[in-house]
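Please read the following note alongside the sequence and the model.

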Amino acid sequence: MSTTSTAPPCLLPAPDKPPARRGLADPLFNAATVLVIGVALAAVIYPLYFILIASVSDPDRVYEGSVWLWPSGITLDGYARILSDPTVWRGLANSAFYTALGTAVSVTLVLTGGYALSRRDLPGRRLILALIVLTLFFDGGIIPRYLVVRELGLLDTVWAIVLPNAVAVWNLVIARVYFESNIPDSLREAAALDGASDLRFFFKIVLPLAKPLIAIMVMIHVVWN
């Protein structure tokens with residue numbers, strides 16, 4: 001008497017069918033996202049657009065509230081009066097000068113200071129870093145800063161504006177962390193074996209590898225200045 005055993009059929013899980021709610025929720029979510037982003041963009045762009053159309057409209061019509069979407073009574077008298085004022089051009093020149101000089105000084109100090117603090121062979125590195133970070137929590141204020149500038153003989157000079165705000169501690173910490181994460185000690189040791197000095201290693205190897213950091217720091221300080 002022979003018995004035949006049949007193996008149970010392989011039970012495969014039925015494919016998941018997306019419920020009707022999921023098919024309806026995705027378009028609703030996308031529509032809500034587009035709506036929120038559109039409202040946010042309109043809230044940001046419209047004031048800038050209104051300033052533009054109001055600048056070429058008749059001031060009386062602007063005061064009356066007649067200017068909403070399109071300029072009314074187009075005139076360029078406002079631009080003519082502004083551009084004929086020499087103080088405006090002097091202000092633009094000062095802004096460009098202080099932005100260029102302040103950015104150059106700040107980025108230079110942040111990069112060199114951040115790299116120095118990233119070196120583990122720097123004597124007193126932790127103490128120096130702790131004193132620098134301490135300034136994030138305590139600030140003397142305007143009067144002590146003015147007294148320091150006066151004692152250094154910087155009053156009525158360009159450096160009275162550039163130097164007090166030359167180094168942002170948070171940017172210095174970011175630069176230090178970047179150098180510690182991306183410039184290994186083995187790379188410096190290999191450069192030293194090839195006869196490279198610290199300055200040559202910094203300018204020939206560190207700075208080319210820090211192009212993303214340099215770009216971010218330039219952008220931040222240009223906006224700040």
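1. The model under discussion is predicted. Helix H4 covers residues 86-118, and helix H11 covers residues 211-224. The axes of these two helices come within 9 Å and cross at roughly 140°. Angles over 145 degrees count as roughly antiparallel, and H4 and H11 are therefore classed as oblique to each other. The crossing is right-handed.

2. On the H4 side, this contact is made by Thr99, Thr103, Ser106, Val107, Val110 and Leu111. H11 contributes Leu213, Ile214, Met217, Val218, His221 and Val222. Sorted by class, the contact of H4 with H11 holds eight nonpolar and four polar residues, with no charged residues.

3. Ser106 belongs to helix H4. Is Ser106 buried or exposed? Its relative accessible area is 2%, and buried means under 20%, so Ser106 is buried. A polar atom of its side chain lies 2.8 Å from the backbone oxygen of Gly102. Beyond its neighbours within four places in sequence, Ser106 is in contact with Asn165, Ala166 and His221.

4. H4 also packs against helix H8, residues 169-182, at an angle of about 50° and with the axes 8 Å apart. H4 and H8 are therefore oblique to each other, and H4 passes H8 in a right-handed crossing.

5. Which residues form the contact of H4 with H8? From H4 they are Leu109, Val110, Leu111, Gly113, Gly114, Tyr115, Leu117 and Ser118. From H8 they are Asn171, Leu172, Ala175, Arg176, Phe179 and Glu180. This contact comprises eight nonpolar, four polar and two charged residues.

Key: Residues are numbered from 1 along each chain as its sequence is written. This is a predicted model: local features need pLDDT of at least 70, side-chain atom pairs count only at pLDDT 80 or more; totals for chains, interfaces and linings use all residues. Side-chain values use heavy atoms; hydrogens and water are left out. Axes are lines fitted to C-alpha atoms, for helices over the stretch in contact, and angles run from 0 to 180 degrees between N-to-C directions. Helices (H or I, at least four residues) and strands (E, at least two) are DSSP runs, numbered from the N terminus. Angles under 35 degrees count as roughly parallel, over 145 as roughly antiparallel, 65 to 115 as roughly perpendicular and the rest as oblique. A crossing is left-handed if the near helix is turned anticlockwise from the far one by less than a right angle, and right-handed if clockwise. Contact means heavy atoms within 4.5 Å. Ala, Val, Leu, Ile, Met, Phe, Trp, Tyr, Cys and Pro count as nonpolar, Asp, Glu, Lys and Arg as charged, and the others, Gly among them, as polar. Buried means under 20% relative accessible area, exposed over 50%, partly exposed in between (1.4 Å probe, protein chains only). A polar contact is a pair of N or O atoms within 3.5 Å; within protein, one must be able to donate a hydrogen and the other to accept it, and residues adjacent in sequence count only if both atoms are side-chain atoms.
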